[in-house]
Amino acid sequence: MERQPGTEELIGVDQARDTILAGVVALPPVALPLLDALGLVLAEEIVATEDIPPFRNSAMDGYAVRAADLTGAAPRRPVRLRVVAEGPAGYAPQGEITPGTAIRIMTGAPLPPGADTVVRFEETDEPQRGNAPAHGPRALEVAIGVAQGPWINVREVGEDVRRGQVVLQPGALLRPAEIGVLASLGRVTVQVHRRPIVAIVSTGDELVEPGRPLRPGQIRNSNSSTLAALVRRYGGIPRPLGVARDTVADLTATLDAARDADLIVSSGGVSLGDYDMVKDVLRAEGRIAIWQVRMKPGKPLAYGHLGGKPFLGLPGNPVAAFVSFELFARPLILRLLGHTDLRKPTIRARLTAAVDNRGGRRHFVRAIVTAGSTGPLVRPSGEQGSGVLTALTRANGLLIVPDDVEYLPVDALVEVEMLHWEQGSGDVIAVPD
Ligand code: AMP
Ligand code: MG
């Protein structure tokens, strides 16, 4: 695996990703309160311990009656039934239906014994009488102008979920709807794969933390913030360890704090000329590869293990670090979280500006996707230099130019990996099927 400087292995993006992911498995489960489990992956089978709904109840505000009493009822020939009780939600039935009687019932209230159907207020003379308060004085009689069969507007016991039924499988993503299902089953906590702790180290003598003054020749450490934000976005817990100077001793000392991490991500120090530092530190562990990945931006990438934990050495250029994180660190984090689908949401869009790609590398062009009348359109988001972070702030996707394609003309259909779809990005994108 190890090579001399200048002779690093040249590999494709897919091969690099496969190698990085080989052998990576989900982290062990932990029990978390429901809300803290949002966005995480279920690590247990959820079997319903009760029926939902737990009792037969009304699906409408109306009158609980016997369907047999409605025979022949019509708007002009209403049936008159005696109202014997109120059935608010949240209480056991207050009465019983015998022939010729009705109970005024609210949505979610248990169906009283003897009743087999619920007539909506709209089919009765209730609207003409005005809305009587739920527990206030009520009419002694109701006129019903519709004939209907049994079990109309009635929710059956276990209609949604039956006791003993498997409701969610291990591996399910816990979204708001799943959180609601768990709550409806009475759960307070749930077993999920825990979030990975991701140590982040930036390397470079030129780097100064934000908030400190810049001296000649220095620049601000932006990568630590970008990478921490990416870690958090994809569900990990960022552990920024600050800046390591360009010496083996300082990098070694800084990485000492990464011992409890599940993944270590560094930036810088892997390009020609200075990669020996990252390499030397990892060599102690005996498992290190420095690759030249056929991609743009990016290219140099270190991959190895430190203390048995996966280590990803990303390039230092801010855009290259970002794109390399998306391609290699994101799927690793998702795998640790227990996800099985590691692909990025991808759409096909039509180019509105030509794109060049010389050099036989896969080009990830920072791009803007918009909705066109016949489907999504895409164009580069501006200057594509690998240090130009602002082109990323304007982008909502990465347009992919395949390794062996040198030029894509206007109107070409291209694949775009979407960087974000969230609310507030201002994009309405039609996704073709
Ligand atoms: P390197 O990969 O260490 O040769 O760095 C490549 C370029 O990225 C240089 O211009 C660095 O100054 C810049 N760079 C490296 N690390 C960072 C960082 N943490 N924040 C911002 N720029 C960086
Ligand atoms: Mg450097």
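Is Glu178 buried or exposed? I looked it up: Glu178 is buried, with a relative accessible area of 10%. For my own use I note that buried means under 20% relative accessible area, exposed over 50%, and partly exposed in between, with a 1.4 Å probe and protein chains only.

**Ground rules**

I am working with a predicted model, where local features need pLDDT of at least 70, side-chain atom pairs count only at pLDDT 80 or more, and totals for chains, interfaces and linings use all residues. Residues are numbered from 1 along each chain as its sequence is written, chains are lettered from A and ligands numbered from 1 in the order in which they are written, and side-chain values use heavy atoms, with hydrogens and water left out.

**Entry 1: salt bridges**

I stayed with Glu178 and found that it forms a salt bridge with Arg175, the closest N and O atoms being 2.5 Å apart. Here a salt bridge is a side-chain nitrogen of Lys or Arg within 4 Å of a carboxyl oxygen of Asp or Glu. Side chains of opposite charge can pair when their charged atoms come close. Arg175 is partly exposed, at 48% relative accessible area.

Next I searched the whole structure, and the search gave 21 salt bridges. One of them joins Asp14 and Arg362, with 2.8 Å between the closest N and O atoms. This pair links distant parts of the chain, since Asp14 is in helix α1 (residues 13–21) and Arg362 in strand β24 (residues 362–372), 348 residues apart. I wrote down how elements are named: helices (H or I, at least four residues) and strands (E, at least two) are DSSP runs, numbered from the N terminus. Asp14 is partly exposed at 37%, whereas Arg362 counts as buried at 16%.

Then I checked Arg294 and Asp403, whose side chains meet in a salt bridge at 3.9 Å, N to O. They too link distant parts of the chain: Arg294 is in the loop between β18 (288–293) and β19 (295–296), and Asp403 is in the loop between β26 (397–401) and β27 (407–408), 109 residues apart. Arg294 is partly exposed at 29%, and Asp403 is buried at 18%. I also saw that salt bridges with shared partners join Asp14, Arg17, Arg294, Arg362 and Asp403 into one network.

**Entry 2: nonpolar cores**

Which residues touch the most other members of the largest nonpolar core? I found Leu174, Val190, Trp291, Val293, Phe325 and Phe328, out of 58 residues in this core. Helix α7 (residues 318–336) gives the most to it, with eleven residues. Another core lies apart from it and has 20 residues, among them Ala199, Val201, Leu241 and Ala302. My working meaning is a set of buried Ala, Val, Leu, Ile, Met, Phe, Trp, Tyr and Cys residues joined through side-chain atoms within 4.5 Å.

Leaving aside neighbours within four places in sequence, Leu174 is in contact (heavy atoms within 4.5 Å) with residues including Ala37, Leu38, Ile179, Val190 and Val192.

**Entry 3: the largest pocket**

I looked up the largest pocket and noted about 510 Å³ of space. A pocket, on a 1 Å grid over the protein atoms alone, is an open set of points with protein on both sides within 12 Å along at least five of seven lines; a cavity is a set where a 1.4 Å probe fits but cannot get out, and lining residues have an atom within 4 Å of a point. Of the 19 lining residues, Gly39, Leu173, Tyr234, Leu334 and His339 are the closest to the pocket's centre. Both α4 (223–233) and α7 supply at least two residues each to the lining.

Most residues other than glycine have a negative phi, and most peptide bonds are trans. I therefore listed the exceptions.

- The peptide bond from Ile52 to Pro53 is cis, with omega near -10°, and Pro53 is in the loop between β3 (46–47) and β4 (57–58).
- Lys296 and Pro297 are joined by a cis peptide bond, with omega about 0°.
- Asn153 is not a glycine, yet has a positive phi of about 60°; I found it in the loop between β9 (141–144) and β10 (154–155).
- Lys299 is not a glycine either and has a positive phi of about 135°. Lys299 lies in the loop between β19 and β20 and is partly exposed at 30%.

How values were computed: Points joined across faces, edges and corners; volume = space filled by probe spheres on them.
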